[in-house]
Amino acid sequence: MNDSSETTVTDGIPAGSLRSFAVETRGDAFSNELKDRIIGELTAKNMVYLDKGRPDLVISVGGDGTLLQAFHKYFYCLGQTAFVGVHTGHLGFYADWTADEVDDLTASVTSKQCNIVAYPLLNVRISYKHQDRVRSYLALNECTIRSGEGLLVADVLIRGEKFESFRGDGLCFSTPTGSTAYNKGLSGAIIHPSLPTVQLTEIASINNRVFRTIGSPLILPRHHHCQVRPVNDDRFNVTVDHLSTLHADVKQMECCVATEKIRFARFRPLPFWRRVRDAFIG
Ligand code: NAP
Ligand code: MN
């Protein structure tokens, strides 16, 4: 069994099945130059370039942050779009092709069969005390909650049952592929992306004789939804990947494994633990 077998949804998509593509870049001159080269090479081989709509393939050129942006731009067509990342800076988790390999990548896109691997996402739903609507978000890395101002004081519930009263800077809910990002800085575990889970980590909790939180990261399976309810201040500062919004009048924020997944096009094997080693051990 290879490393990605549990997450592989389609083995061996025949060469030539990816017909349309988009390219998202970090915006720097070098990434834009690569973008022009990719567009030239792929359109010369009769692929259709789109910069909106529903491309079969989205190529992100920049860093992991660029792939996060591409994901949020194309969130409405996750079921049919596959992503691939080229890094123009340091080695990335989502961006796994180097700038030197761009010709290899474009040749692979048009003439090699590929596998599609699907990774879990995080679903976030915020409901309000005096409004009927619910706001939903999908995160590729994580979602964090902080208070509107000062300390976050909130009840944490798992499957609707009170788990703890949290006091501290905030809470972080991460996906398996996001576990190497902010979650890692919070001493969370690194989770293999074949596990459809959400990890909850604390951001500087207060623990003394009066206030007590679990202190350890929690790893929740697909069917265990987690709710966070404000205690006094009902404003939540919420980040979803690189995006941040302030919510007032919050009744509850709920996090769980999303039904949607992100699909990556793999033209060669890329063991997750090798990427972890290369990024953090060297
Ligand atoms: P950024 O400030 O450029 O990102 C911070 C760093 O996180 C960058 O080096 C980025 O890589 C890297 N990164 C992003 N996703 C990753 C992943 N899944 N695994 C390992 N590293 C990853 O902002 P950004 O590029 O828009 O990324 C937003 C992300 O930054 C957030 O989702 C959060 O995870 C992370 N963040 C981390 C901390 C922390 O560790 N204390 C604090 C705030 C935010 P690139 O340089 O390749 O883009
Ligand atoms: Mn970045």
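Biologist: The side chains of Asp103 and Arg37 meet in a salt bridge, 3.2 Å from N to O. What makes this pair a salt bridge?

Modeller: A salt bridge is a side-chain nitrogen of Lys or Arg within 4 Å of a carboxyl oxygen of Asp or Glu. Arg37 and Asp103 are at 3.2 Å, and that is within 4 Å, so the name applies. The pair links distant parts of the chain: Asp103 in helix H3 and Arg37 in helix H1, 66 residues apart. This is a predicted model, in which local features need pLDDT of at least 70, side-chain atom pairs count only at pLDDT 80 or more, and totals for chains, interfaces and linings use all residues. Residues are numbered from 1 along each chain as its sequence is written, chains are lettered from A and ligands numbered from 1 in the order in which they are written, and side-chain values use heavy atoms, with hydrogens and water left out.

Biologist: Which residues are linked with Arg37 in a network of salt bridges?

Modeller: Glu41 and Asp103 are linked with Arg37 in that network. The closest N and O atoms of Arg37 and Glu41 are 3.8 Å apart. Arg37 and Glu41 are four residues apart in H1, which means about one helical turn between them. The structure holds 11 salt bridges.

Biologist: Why is Arg37 called partly exposed?

Modeller: Buried means under 20% relative accessible area, exposed over 50%, and partly exposed in between (1.4 Å probe, protein chains only). Arg37 has 37% relative accessibility, so it counts as partly exposed. Glu41, with 24%, is partly exposed. Asp103 counts as partly exposed at 40%.

Biologist: Which salt bridge does Asp96 form?

Modeller: Asp96 pairs with Arg266, the closest N and O atoms being 3.7 Å apart. Asp96 lies in strand S6 (residues 95-98) and Arg266 in strand S17 (residues 250-266), so the pair ties together parts that are 170 residues apart in sequence. Asp96 is buried, and so is Arg266.

Biologist: How do you know that Thr197 is buried?

Modeller: Thr197 has 13% relative accessibility, so it counts as buried. Thr197 is in the loop between helix H4 (182-185) and strand S12 (198-205). Contact means heavy atoms within 4.5 Å. Not counting residues up to four places away in sequence, Thr197 touches Ser174, Thr175, Pro176, Ile191, Ile219, Leu220 and Val257.

Biologist: Why is Asp104 called partly exposed?

Modeller: Asp104 has 48% relative accessibility, so it counts as partly exposed. Asp104 is found in helix H3.

Biologist: What is the phi of Ala204?

Modeller: Ala204 has a positive phi of about 50 degrees, although it is not a glycine. Ala204 is found in strand S12 and is partly exposed at 47%. Asp249 also has a positive phi, near 65 degrees, and is a residue other than glycine. Asp249 sits in the loop between strand S16 (243-247) and S17. At 12%, Asp249 counts as buried.

Biologist: Which domains does the assignment give?

Modeller: Domain bounds come from an automatic or database domain assignment. Here it gives domain 1 (3-112 + 267-280) and domain 2 (120-259). The contact takes 15 residues from domain 1 and 18 residues from domain 2. The C-alpha centres of the two domains lie 30 Å apart.

Biologist: What area is buried between domain 1 and domain 2?

Modeller: Buried area is the accessible area (1.4 Å probe) that two parts lose on being put together, summed over both. Between domain 1 and domain 2 it is about 1400 Å², of which carbon and sulfur atoms give 75%. In domain 1, His72, Tyr94 and Phe272 lose the most area to domain 2, together 34% of what that side buries.

Biologist: How many salt bridges does the rule find across the interface of domain 1 and domain 2?

Modeller: The rule finds zero there.

Biologist: Which element gives the most to the side of domain 1 that touches domain 2?

Modeller: H2 gives the most, with five residues. Helix H2 (64-73) and helix H5 (272-280) are the elements that give two or more residues to that side.
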